[in-house]
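Please look over the following briefing on a set of strands, a loop residue and a pair of helices.

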Amino acid sequence: MMAAAADGLGSIAIDTTQLNMSVTDPTAWATAMNNLGMVPVGLPGQQLVSDSICVPGFDPGLNMMTGITPINPMIPGLGLVPPPPPTEVAVVKEIIHCKSCTLFPQNPNLPPPSTRERPPGCKTVFVGGLPENATEEIIQEVFEQCGDITAIRKSKKNFCHIRFAEEFMVDKAIYLSGYRMRLGSSTDKKDSGRLHVDFAQARDDFYEWECKQRMRAREERHRRKLEEDRLRPPSPPAIMHYSEHEATLLAEKLKDDSKFSEAITVLLSWIERGEVNRRSANQFYSMVQSANSHVRRLMNEKATHEQEMEEAKENFKNALTGILTQFEQIVAVFNASTRQKAWDHFSKAQRKNIDIWRKHSEELRNAQSEQLMGIRREEEMEMSDDENCDSPTKKMRVDESALAAQAYALKEENDSLRWQLDAYRNEVELLKQEKEQLFRTEENLTKDQQLQFLRQTMQGMQQQLLTIQEELNSKKSELEQAKEEQSHTQALLKVLQEQLKGTKDLVETNGHSHEDTNEINVLTVSLVNQDRETNTEKRSQGLKSEKEALLIGIISTFLHVHPFGANIEYLWSYMQQLDSKISANEIEMLLMRLPRMFKQEFTGVGATLEKRWKLCAFEGIKTT
């Protein structure tokens, strides 16, 4: 079926009625959009398709003038999709006419359709949004113009998978994503749909891509091997087997200076192989003798090279002495300019530059003199070796010029050493001065830092001591108060116990009435209340700080809002929102210190017994 569709594609008759409509005609564009139920885009007279997308020089109304059937840009020879334009140019898609359907581009103001990441070696595309009545032949007619199709797998749910022969054909198919497809001229929903073309991941594509990668890796390895073989150094030439003819040729090569190194290796390999016997001994002896004749030539070459080297050394030494004398003159100029007669007339910047130049030139002069002295020491060592080797008669024949040269060399060496010593002394003195200054500044800095650190620590310690002393005094006062309260309560308990015993005895012996017992209880309660009032009066001392006054104000307003009182936990939870460091014990001690403002009441019986604090300041004012 696919082959028949592919063969019949070239013989398809082009419907000229569909192509007579100019793409740039705004009325035709509006009618096409209205048929699809879309709002037309573009102003009247505005070109909706760019010339870069259309065929160059294509005139839709050409048939009206010449009678020639217009050229369809969708013919496979011209290509369904042009090459992708540069990213800077906005792509304007055009209407695509086929035999069985028409493809309308999406609104250019809408964003382009999204695609997934392209799998490696992708040749298969997913096509969704197909019309319900679209057949496999219509799909092949549309997408076969993108390239050769190898397989189409159509689903019942308006989508299909199309596999192309090459990877670049997938890019052409992706270009059709977003187009609205309409079958014929029908306006039924089953005959239209918006295409969504995306990359699909297929095992066959991935397998072919892996095979290509492996093939490329093999080709790369083969190429590298060829490159290594090309760059590998050539192997030594094969050594021929021994024969009388080869031996005579080798003897001739041994006599030639240019072929001697190649011939001597062959001779050595023959001897190591064991080719020497009684029959060939004479030939090998003659070859060894010719090899020995080259010894004198090599020694002569060595002597000539040594002579050239000695001449080069002498030339270098002479040039070095000339350079050294010029350095000495330059240093002498700098030393003369640093004397007081000339030194006072230079500015500070000039003196600094002269001093830097002098030091630099002295360093270079010392390096050159050391190099020259090293060369002379080597010569003296060679001369001493030669003198030890020579006979005693030659030792007595010392040339006067050599002695004079040695004396001059020693004098120069002495001068250079004296100059080096002076320079080293000056540098040592400067270094000592700089070191002393640095040491003094570092000592002063460290002492100041230590003093500041000690002062800060002393201040911190003093503050800590003051806070600790205040806490100690407050704790001592609290301890004393607690001790007094404990002793007072113990005394009251003893008195009450004695009173209770007396009352019990009286009741048992005399049988007093219930009214007498009540009077006794009232007396005891009044005594206890008097004791409590005295204790509270002792406790109620003046306020110590503004913080306590502020706390009292906040607590009094809180209890005034709660006329039935509040327990200490409820009061503490409210106060902790204002001051997170305050404790319930501190609040309770503060309330107990002010009995005329706050009173404690007990409510409930047994397990439901609860302590509540109330504001009684207004009651005290009324009673007074």
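Which residue in β5 is the bridge partner of Phe126? In β5, Phe126 is bridged to His161. This is a predicted model, in which local features need pLDDT of at least 70 and side-chain atom pairs count only at pLDDT 80 or more, while totals for chains, interfaces and linings use all residues. Residues are numbered from 1 along each chain as its sequence is written, and side-chain values use heavy atoms, with hydrogens and water left out.

**Sheet**
- Four strands, in the order β4-β5-β3-β8, form an open sheet with antiparallel pairing, where strands (E, at least two residues) and helices (H or I, at least four) are DSSP runs numbered from the N terminus and two strands pair if DSSP finds at least two bridges between them.
- β4 and β8 (196-199) stand at the edges with a single partner strand each, so one side of each has no neighbour in the sheet.
- Strand β3 (residues 124-128) is joined to β5 by five bridges, and the two run antiparallel.

**Loop residue**
- Asn158 lies in the loop between β4 (149-154) and β5 (159-164), and its phi is near 60°, a positive value in a residue other than glycine.
- Asn158 counts as partly exposed because its relative accessibility is 26%, the class between buried (under 20%) and exposed (over 50%), with a 1.4 Å probe and protein chains only.

**Helix pair**
- The axes of α17 (residues 546-561) and α19 (residues 584-592) come within 11 Å and cross at roughly 85°, with axes fitted to C-alpha atoms, for helices over the stretch in contact, and angles running from 0 to 180 degrees between N-to-C directions.
- The contact (heavy atoms within 4.5 Å) is made by Glu548, Leu551, Ile552 and Ile555 of α17 and by Ile587, Leu590 and Leu591 of α19.
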